[in-house]
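Work through these exercises with the structure in view. Try each task before you read its solution.

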Amino acid sequence: MIGAVVFDLDGVLIDSEHVWDEVREALARERGGRWHPGAQRDMMGMSSTEWSSYMHETIGLAEPPEEINRLVVERMLGRYADGPPLIDGAVEAVERLAARRPLAIASSSNRELIDAVLAATGLRRHFGVTVSSEEVARGKPAPDVYLEAARRLGVEPRHCAAIEDSHNGIRAAKAAGMRTIAIPNPRFPPGEEALAAADVVLASLDELTPATVEA
């Protein structure tokens with residue numbers, strides 16, 4: 001029996017993975033970093049502490065991780081100023097599930113960005129719990145952010161369903177012991193290994209229903 005549903009944010013409810021990519025690549029090139037084509041995929045799911053350290057150590061930005069994090073978040077908020085890019089069907093999917101079960105967010109985004117997105121989209125009222133991977137020890141693919149969401153919900157992880165789009169996100173949800181529903185990100189599709197591990201693979205949020213969550 002599924003007692004709660006935990007959503008990822010980036011790539012599931014908002015079409016933002018490419019925005020992160022553009023912002024971090026632009027910063028890297030401005031500051032003389034060694035950007036490479038796999039950088040965004042490497043950083044997907046990392047906590048802010050992890051990806052800012054990656055940009056400092058691997059991409060080669062001279063600024064300390066804390067400053068890199070601040071600059072990226074500032075630019076992301078600027079990109080969201082006219083409204084975060086909601087994915088088609090996001091509001092309807094959240095409303096369908098919120099009518100039946102408690103909902104949470106378990107996101108790799110910074111707390112400031114999670115709060116800004118939920119406030120701007122009007123979705124905040126549907127989520128009793130929101131967790132940023134800043135608030136746990138390890139980012140995805142470690143299960144920490146999902147386990148913390150379940151703890152705050154007061155629901156055993158095995159009685160939670162997770163909605164994910166990315167390779168590392170799917171792995172994190174499965175490692176937490178949750179029923180994992182994958183809606184693959186078309187820009188950065190998860191690998192076959194992760195998709196095979198998901199309990200359900202959907203084509204879009206339109207297919208995400210209470211019955212799909214429970215089946």
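Two strands pair if DSSP finds at least two bridges between them. Strands (E, at least two residues) and helices (H or I, at least four) are DSSP runs, numbered from the N terminus. The model is predicted: local features need pLDDT of at least 70, side-chain atom pairs count only at pLDDT 80 or more, and totals for chains, interfaces and linings use all residues. Residues are numbered from 1 along each chain as its sequence is written, and side-chain values use heavy atoms, without hydrogens and water.

**Exercise 1.** Give the strand order of the open sheet and find its edge strands.

*Solution.* Step one: the six strands run in the order β3-β2-β1-β4-β5-β6, with parallel pairing. Step two: β3 and β6 (200-201) pair on one side only, so they are the edges.

**Exercise 2.** Describe β3 (residues 129-132) and its link to β2 (residues 103-107).

*Solution.* Start with the pairing: four bridges join the parallel strands β2 and β3.

**Exercise 3.** How do the axes of α3 (residues 48-57) and α4 (residues 65-79) cross?

*Solution.* Axes are lines fitted to C-alpha atoms over the stretch in contact, with angles from 0 to 180 degrees between N-to-C directions. These two come within 8 Å and cross at roughly 110 degrees. Therefore α3 is roughly perpendicular to α4 (65 to 115 degrees).

Notes
Buried < 20%, exposed > 50% of the residue type's maximum accessible area, 1.4 Å probe, protein only. Parallel < 35°, antiparallel > 145°, perpendicular 65-115°, else oblique.
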